Amino acid sequence: MAAVAPTELSAVDIHEHEDHLSAPLAQGGETVISRAASDGLTFSSDSGEQSTTISLPGASALGDAAVSADGSVTYAGNQLTPAVNVVASEDAVRISTVITSSLQPQEFAYDFGAGNSVEIQGDGSAVVVSDQPAAGSPETEVIVASIDAPWATDASGAPVATHYVAEGPVLTQVVEHRSGDTTYPVVADPTVDQPSIFQYRVRFDRAETAAIASGGWGGVVGSFSCGVMAPVCALATGSLAYNAGVAQNSSPKKCVQVTATQPMVVPGMVWWVDTYAGGPCT
């Protein structure tokens, strides 16, 4: 079968336990891969205080986890259910469905559990946001997972049309393998990027974005707190002002947001500013 992944992931060493497998993550924490497909995958922080579980598509019909020579983990499927292959690297986890015939489904659901909501981004990627704000900071949202844009490729190396659909905590990858001249098997996946990092986000609405764009950042800080993200907002002032101007000049108008891997300015923290539409941007 042709190499199909748009980016290569190197599996880390898998540690085998009685009822699960585990793989360390570079920035602390681990990926826990249950032997029973029905228990899914869990990403946890090094302290164990933060964790996110994701279900696997077709889990009830999948076999138990088996570790392959290349370090990936496979749940065998059957005639009607694609096998699922998991590659756990040090900074991402790839979950691939291996579709072997037109008898198999075209939709594959990944459930991130009650209390979370999936958002599809403009580039086709997705984020999973907790319905609960950061502790003591109602202005600050917690992003529990970031998912790369979907891809799907058949055995000849030809791309297969695919996209995400979101409903509540469920991310569904639609793979249109029954359309066109498809050479099976088809491999398709979501890749969860750095799943152990819980990111934090503050979104500004349209009025706040307009105030920042017009040079009123100080007034916005005074009136609309960034909560625990205040140190990051202060650090990002220049970028917020620039992106707010871009948002104001877009058609239709967008709003500005700031995201960081930590709510405080600490060594190793990464932050970025971008624009968004929908949600509070009304």
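The legends below describe close-up views of a predicted model. Local features need pLDDT of at least 70, side-chain atom pairs count only at pLDDT 80 or more, and totals for chains, interfaces and linings use all residues. Residues are numbered from 1 along each chain as its sequence is written, and side-chain values use heavy atoms, with hydrogens and water left out.

**View A. Open sheet of five strands, in the order 1-2-3-4-5.** The pairing in this sheet is antiparallel. Strands are DSSP runs of E with at least two residues, helices are runs of H or I with at least four, and both are numbered from the N terminus; two strands pair if DSSP finds at least two bridges between them. Strand 1 (15-16) and strand 5 (51-54) are the edge strands, each pairing on one side only. Strand 2 (residues 20-24) runs antiparallel to strand 3 (residues 30-34), and five bridges join them. Pro 24 stands opposite Glu 30 in strand 3.

**View B. Open sheet of three strands, in the order 10-16-15.** The pairing is antiparallel. At the edges are strand 10 (107-111) and strand 15 (162-167), each of which pairs on one side only. Neighbouring strands of this sheet are turned by 20 degrees against each other on average, direction ignored. Six bridges connect strand 15 with strand 16 (residues 170-175) in the antiparallel sense. Tyr 164 is placed opposite Gln 173 in strand 16.

**View C. Packing of helix 1 (residues 206-213) against helix 4 (residues 237-249).** The angle is about 120 degrees and the axes are 8 Å apart; axes are lines fitted to C-alpha atoms, for helices over the stretch in contact, and angles run from 0 to 180 degrees between N-to-C directions. Arg 206, Thr 209, Ala 210, Ile 212 and Ala 213 in helix 1 meet Leu 240, Ala 241, Ala 244, Gly 245, Ala 247 and Gln 248 in helix 4 (contact means heavy atoms within 4.5 Å).

**View D. Arg 203 over the face of Tyr 276.** Arg 203 lies at 4.0 Å from the ring centre. A charge sits over a ring if NZ of Lys or CZ of Arg is within 6 Å of the ring centre and within 35 degrees of the ring normal.

View E. Most peptide bonds are trans.
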